[in-house]
Amino acid sequence: MSVQIIEKSGKPEYAVIPYAEYQELLEMAQDARDIQDADAALAALSTGEDEAIPASVVARLLSGDEHPLKVWREYRGYTQESLGKEAGIGKSYVSQIEAGSKTASTKVLGALARALKVDVDDLLE
C-alpha cells in the first residue's frame, strides 16, 4: 500500500492513498461488518432471541395476496377460533380482519401480536 502522510504542525494529519486502494479498504470494511452482522444473527438464533422463518412463509408475506394475520396464524398453527381465544377476541373478528372487512384496533393488534409472538408491524398490510 502506498500512503502519503500529510503533517500539520509536525504531526500526521491526513493519509492519502490511491483510489483503488481506498476502494479495496472500503470493501474489506464492508466484509468485516457483514461478518459481524452474520455472527450477531446466528447468536440471536441460537439463544432463541430471533427465529428463522421459512422461505415459503416469507414469500406469502411479501406477495401481499393474503393478510399477514392469516399467514402468521397458519404458520403458528392456530385456527381462527384458537387464536381468538388466545388474544381474547372472537373468531368472527379474526376472520373479518383477515378478510379485510374490519380494521383491528391498536389494542386488538397488540393482543394478536403477543399471541403470535410477532411485532405489531408484522400484522399490518
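In which sense do strand 1 and strand 2 pair, and over how many bridges?

Author: In this predicted model, strand 1, formed by residues 4-8, pairs with strand 2 in the antiparallel sense, and the pairing runs over 5 bridges. Within this pairing, E7 stands opposite P12, a residue of strand 2. The two strands form a hairpin with 2 residues between them, and in this hairpin S9 takes a positive phi near 55°.

Strand 2, which spans residues 11-16, is hardly covered: of its 6 residues, the count that are buried is 0.

The surface around this part also deserves attention. M1 lies in the segment before strand 1. M1 counts as exposed because its relative accessibility is 67%, and the cut-off for exposed is over 50%. M1 also belongs to a nonpolar surface patch, together with V3, I5, L25 and M28. The accessible area of these residues together is about 490 Å².

In helix 3, made up of residues 68-76, the buried residues are P68, L69, V71, W72 and R73. The buried residues of this helix pack against helix 2 (55-63), helix 4 (80-87), helix 5 (91-99) and helix 6 (106-116). After helix 3 comes G77, which has a positive phi near 85°.

To return to the part requested: the hairpin joins strand 1 and strand 2 with 2 residues between them, and strand 2 has a buried count of 0.

Conventions:
Residues numbered from 1 in each chain as written. Predicted model: local features only at pLDDT ≥ 70, side-chain atom pairs only at ≥ 80, totals over all residues. Heavy atoms only, no water. Buried < 20%, exposed > 50% of the residue type's maximum accessible area, 1.4 Å probe, protein only. Helix = DSSP H or I, 4+ residues; strand = E, 2+ residues; numbered from the N terminus. Pairing = 2+ DSSP bridges. Contact = heavy atoms within 4.5 Å. Patch = residues over 30% accessible without salt bridge, like charges linked within 9 Å, V, L, I, M, F, W, Y side chains within 5 Å. Areas by Shrake-Rupley, 256 points an atom, 1.4 Å probe, with all protein chains shown as cover. Salt bridge = Lys/Arg side-chain N within 4 Å of Asp/Glu carboxyl O.
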